[in-house]
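Try each task before reading its solution.

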Amino acid sequence: MAHNPKGDKEQAIAYRGGHLQIIACAGSGKTETVSLRVASIVKEGVEPASIVAFTFTERAAAELKARIYQKVEEAKGKDFLGRLGPLFVGTIHSYCFQMLHNHVPEYGDYDVLDEHRHAGLLSRTYWEIGLDSLFDRKFAGIQDFKRVADVVGNELIDPIRLKKCAFGPCYEKYLDMLGRYRVLTFQMIIAEAVKALKDPEIFKRVHGPLRHLIVDEYQDINPAQEKLVQLLA
């Protein structure tokens with residue numbers, strides 16, 4: 001059977017029978033297809049608050065959001081755009097941070113560390129959390145510690161499993177230190193959101209209105225992000 005890109009696109013936009021995976025190369029019109037699919041769902045009367053679209057970067061989110069607004073305006077008129085506020089289009093990290101702020105009171109005043117602030121904080125607390133016992137060189141050690149800590153978060157490794165290795169006590173002090181400064185790393189945001197969703201009440205509040213979950217660049221997500229997607233879907 002001959003490949004029919006136009007037919008594939010129309011099927012992807014119209015399909016409502018369950019989970020859908022779109023596999024296509026770069027430049028083949030995935031963003032256009034997703035934006036038309038969202039506009040089609042909205043046109044059917046689905047509330048914007050029930051649609052969540054994850055992108056890999058903020059830039060991709062801005063492009064997808066602009067396309068969605070354009071397609072919705074074409075389908076429903078300019079006046080309808082004011083109702084799209086509750087529609088979420090953004091990175092998984094921003095969604096999880098918003099979730100923690102809205103549904104987990106202890107994170108209400110937390111901030112997120114970017115790479116530079118994270119390195120600076122580790123430099124300031126290097127001896128306090130015992131990194132000198134793991135590494136001979138401070139700045140190289142900070143980078144190595146960050147990489148391992150990222151793996152722990154991305155792989156959803158329980159810190160209890162680390163207690164018997166040299167890294168474990170330092171990581172425990174590191175978590176305590178972040179709590180005192182009331183900050184989270186990007187990796188911890190998702191791990192904490194996954195943990196929060198295991199609370200039945202939080203799960204009900206977050207999952208209740210959700211009807212359509214879209215994940216762009218699904219092949220690039222890590223285990224923590226995949227667990228989040230599974231819980232939401």
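**Exercise 1.** Which residues have the most contacts inside the largest nonpolar core, and how many residues does that core have?

*Solution.* This is a predicted model. Start with the count: the largest nonpolar core has 51 residues. Those with the most contacts inside it are Phe54, Phe145, Tyr174 and Leu228. Next, take Phe145 and skip residues up to four places away in sequence. Phe145 then touches Leu122, Leu131, Phe135, Phe167, Cys170, Tyr171 and Tyr174. Finally, look for a second, separate core: it has 17 residues, including Ala39, Ile51, Leu64 and Val89.

**Exercise 2.** Find the side chain of opposite charge nearest to Arg37, and say what the Arg37 side chain reaches instead.

*Solution.* Locate Arg37 in helix α2, residues 30-43. Arg37 is buried. The nearest side chain of opposite charge is Glu44, 7.9 Å away. Beyond four places in sequence, Arg37 touches Ala12, Ile13, Tyr15, Arg16 and Leu20.

**Exercise 3.** Is Ala191 buried or exposed?

*Solution.* Find Ala191 in helix α8, residues 186-196. Its relative accessible area is 18%. The cut-off for buried is under 20%, so Ala191 is buried. Leaving aside neighbours within four places in sequence, Ala191 contacts Gly153 and Leu156.

**Exercise 4.** Compare the reach of helix α4 with its expected span, then list its buried residues.

*Solution.* Helix α4 covers residues 92-103, which is 12 residues. From first C-alpha to last, α4 reaches 16 Å, close to the 16 Å expected. Its buried residues are Ile92, Tyr95, Cys96, Phe97, Met99, Leu100 and His103.

Note on methods:
Residues numbered from 1 in each chain as written. Predicted model: local features only at pLDDT ≥ 70, side-chain atom pairs only at ≥ 80, totals over all residues. Heavy atoms only, no water. Core = buried A, V, L, I, M, F, W, Y, C linked by side-chain atoms within 4.5 Å. Buried < 20%, exposed > 50% of the residue type's maximum accessible area, 1.4 Å probe, protein only. Contact = heavy atoms within 4.5 Å. Helix = DSSP H or I, 4+ residues; strand = E, 2+ residues; numbered from the N terminus. Expected span 1.5 Å × (residues − 1). Lys, Arg positive; Asp, Glu negative; His and termini not counted. Salt bridge = Lys/Arg side-chain N within 4 Å of Asp/Glu carboxyl O.
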